[in-house]
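Reader: Please take one part of this model and go through it closely. I want pairings, partners and cut-offs, and then the setting around it.

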Amino acid sequence: MSASTGHGVDPQSLVEHALAASMGDDCVVVVRDSTSANLRWANNTLTTNGVMHGVHVSVVSYVEQAGGVCTGSVSGSATTQADVDALVRAADAAARAASPADDANPLVRDRTSPDWSDAPAETGIGVYDRVAPALGEAFGRAGDGGRVLYGFVDHRVTTTYLGSTTGLRLRHVQPTGHFACTGKTADLRTSAWVGTATRDFSDVDPLAFEAELAQRLAWGQRRVDLDAGRYDTILPPTAVADLAIYAYWEAGARDAWDGQSVYSRRPTGTRIGESIARPEVTLRSDPAYPGLECAPFEVVAASSQDSSVFDNGLELGPVEWIRGGELAALRQSRHTAALTGQPVTPSVDNLVLEVDGGAGSVEDLVAGTERGLLLTCLWYIRTVDPQTLLLTGLTRDGVYLVEGGEITGAVNNFRWNESPVDLLRRFSHASATVPSFSREWGDDYFSRTATPALRVPDFNMSSVSPAN
Amino acid sequence: MPEIDPSFTALPYRELGAAALGRAQELGVSHADFRFERIKHQRLVVRDAVLQTAMDADDVGFAVRVIHRGAWGFASGVVLTTDEARRVAESAVAVAEVAAEMTATPVEIAPEPVYADVTWVSSYDVDPFAVSVADKAALLVDWTERLRRGAAVDHATASVGQVLETKYYADSAGTVTTQQRVRVDPEVEAYGAGADTFDSMRTLNYPVGRGWEYLTQQSLHDWDAELEEIPELLAEKLKAPSVEPGRYDLVIHPSNLWLTIHESIGHATELDRALGYEANYAGTSFATYDQLGTLQYGSGVMNVTGDRTVEHGLATIGYDDEGVQTQSWDIVKDGVLVGYQLDRPMGHLKPELNGGRSNGCAYADSPGHIPIQRMANVSLQPAPDGPSTEELISRVEHGLFILGDKSWSIDMQRFNFQFTGQRFYRIRNGELVGQVRDAAYQATTTDFWGAMEAVGGPQTWELGGASNCGKAQPGQVAPVSHGCPTSLFRDIRILNTTQESGR
């Protein structure tokens, strides 16, 4: 077996060694072998670039003591059996020193992935063999056309091995990648952005993206200054992904149950079963969703508000978070599910928003708009008020004026204040759902999304931003 | 003075560094540097007197960065053998080979004196990793129990992140540094519900470049007093009237103003942003280079420094991740932009700045990431004989006094921002007359700082900060401190966030 750890100790051996070394009553070990390669550019030239390799091991030790089961969680870089021994000793010691865990549940048992014995998958700078020369050509075309490009491509492949003393031997390979590029006119006064997620870069064409940026920058030749106010606004799939991700992250069952989120029913309980969106809306996750495939089992290095180390290895399947406009589920562990009396629905690493009857594209929504705004993407999104999930943020890299069903110019940027939950109740039109890439969260945290474009008749642009 | 962790000095970083730098030089690079780091991190979270999260991480790795054929190459690894160090060096050179084909402007770095095998350790008393988890958890449990005695408190959380960061740096010019620093980031919050609302109230402490003593010494932070008053403050907030939107004079406490400084001055005066190197991600800056020496950033009482040397600062260190000795310098002088934050590539691009040297602002958050131009401790200076907070409040007829940070957002050129806080007190005729809720302030950076009428004296100055400042692609986080006095601003827009949500 080949060993991505670089010196003859394969991940499976690290798992087995750790499980054998633990003095706890039970133990879960997670080894993540991760390789990545990236290119970054600015001002039509490459800037910082790199390849990285990491092997990260998490050990959770479970010790039965008077009053219940205590746990200890320790993680670190580890490539040798001695490294793993140190982590196991620390986890065992932490468990023995801990008080009984209130999220204790029986550990998941006896399941093996068919590819358990396979070596880690890898990536490297070679993933850009076709993309890099095209990028160089795109720099030239942009320069010749009086445009400046800034951007980043990243590809990561993480192979996760989860083993337990209760018979789990689970493996998952997760490729994650994206291409994102900002274009500016030579005077830096007009800006545009394109971005897409990818699993292997076979579907990324830098020259096509350069052409799209050129078209968007051309839209900006006519400038229109608008005041703050409520506008009929078309949010493209990337902007809807930005908002949907936030609505998902805030959907922790524990916070809702404790009365601290937009999903709380006061004085106690959650809003599960309550209508919170238009009846056509479904928000769901599915580890097997084509093109957005993600880990089909739970991996938790340390318990938290929304997840439990006792759930390691739990099978993840399709979950509808909003069904027919009703809140149908919240992100929860077995522990919080027992509190709320709801099914166990842990987080899944993808998110799909669908609208029954949604059809066509962004261009079709534009064609049906008499006067309104078309956004490109959103930025610096933060919670202002958790009880309504009021968010604030900015528009970025292209706000376009739509008149008579056509784009007629570029508008200044805005600060907006809106709640994604409220928007799902107020939107008037939706396109078909397509793979999307959140501008703010897709890069580092959450790239596997599919969303429609939405048209909102009264989107709150709170003030003007002079940024461009 | 603490010493470098002996479990770090036992690691083979010198051999790995020699192997990596030697291999890079064999391959003909014009510059190479090697970084070896160990970052120990522990996070504890207690909710309602129950330890909910206890997570330890201990990450060790190394990185090689080269300039080759005019391009950067970077690679990192975790296998601690000299063979692997040489292989990682070869990978860095291979990346530079790919990059060179698309690099139109050859990379060069500003010169820096050579520092031969120097050591630096931050100032702290108690290594937080020397305190047992049980003792630390017991302290947090006690804090949440104290908060929950308040009638308005439904739930209480207390958490603390702790970091021991040790790093070795060596480069092909001969600089060798070994450094260690410690930081702790405690956070305590109470939650409650009123008739038609729920809200929370957090203590006003900061993450700091100190050891565990920060959580136990009342002289460093008065935890007892804060824990005593938080439930009452939360109860008052839950019953407080909703703010009337409009224009107000603001007296802003350091516990809120540090974050406004971070967003509207700290990031705006990073030269890499001003020159477009962050344009695709974090954004550029309105404070463009052509305005150096002329941009009226704020009023004449505005003096801002960059400083990587202040004791207990989160961005404080002896030498940066490019082997540059750290410094302090002016960024805004009497309201005018006079300086930027630099790393060595930025210093080379603008040799007229700082005598042609970097001012020591390169930092990577882990051995798996490339050093980038990063924020120094950027601080607003007090007036030497300036007023107290009470005096500043007494100058306001119709205003708000703001304490504690909460929500923050600013545009990609650092013009338009919106911030909320933990507590907004109504000021009427120079007196505090109780809290209001649902308030946010919104402004444009130069308008806001231009409206600063007065800064408080040194007695009002506090060193705030954040542990999680984000920048770059791949994304990196960095700790950074910001000091400031209580300050007075005239005629600033206040929003009512409930009205903003359309309710």
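Author: Strands β11(A) and β12(A) run antiparallel and are joined by two bridges. This is a predicted model, in which local features need pLDDT of at least 70, side-chain atom pairs count only at pLDDT 80 or more, and totals for chains, interfaces and linings use all residues; side-chain values use heavy atoms, with hydrogens and water left out. Residues are numbered from 1 along each chain as its sequence is written, while chains are lettered from A and ligands numbered from 1 in the order in which they are written. Strands (E, at least two residues) and helices (H or I, at least four) are DSSP runs, numbered from the N terminus. Two strands pair if DSSP finds at least two bridges between them.

Stay with this hairpin. Two residues lie between β11(A) and β12(A), and Gly324(A) has a positive phi near 55 degrees. Arg323(A) faces Glu326(A) in β12(A).

Now widen the view. The open sheet has six strands, ordered β12-β11-β10-β13-β20-β19 in chain A, with mixed pairing. Three bridges hold β10(A) and β11(A) together in the antiparallel sense. There, Arg284(A) is opposite Glu320(A) in β11(A). Further along, strand β13 (residues 351-355) and strand β20 (residues 449-451) of chain A run parallel, with two bridges. Leu351(A) has Thr449(A) as its bridge partner in β20(A).

Glu293(A) and Arg199(A) form a salt bridge (a side-chain nitrogen of Lys or Arg within 4 Å of a carboxyl oxygen of Asp or Glu), with the closest N and O atoms 3.4 Å apart. Glu293(A) sits in the loop between β10 (281-285) and β11 (319-323), and Arg199(A) in the loop between β7 (191-198) and α4 (206-219), 94 residues apart. That β7-α4 loop of chain A also holds Phe201(A). Phe201(A) is not a glycine, yet its phi is positive, about 70 degrees. Over all chains, the structure holds 62 salt bridges.

How far can chain A be trusted? Its mean pLDDT (the predictor's confidence in each residue, from 0 to 100) is 95, and 98% of its residues reach 70 or more. Residues 1-8 of chain A fall below 50, with 22 contacts (heavy atoms within 4.5 Å) beyond near neighbours in sequence. Where pLDDT is low, the predicted coordinates should not be read in detail.

Finally, the partner chain. Chain A gives 84 residues to the contact and chain B gives 72. The buried area (accessible area, 1.4 Å probe, that two parts lose on being put together, summed over both) is about 6400 Å², with 52% from carbon and sulfur atoms. Two salt bridges are counted between chain B and chain A. One salt bridge links Glu278(B) to Arg40(A), the closest N and O atoms being 2.6 Å apart. Strands also cross over: β3 (residues 68-77) of chain A pairs with β2(B) in the parallel sense over four bridges. Gly76(A) has Asp58(B) as its bridge partner in β2(B).
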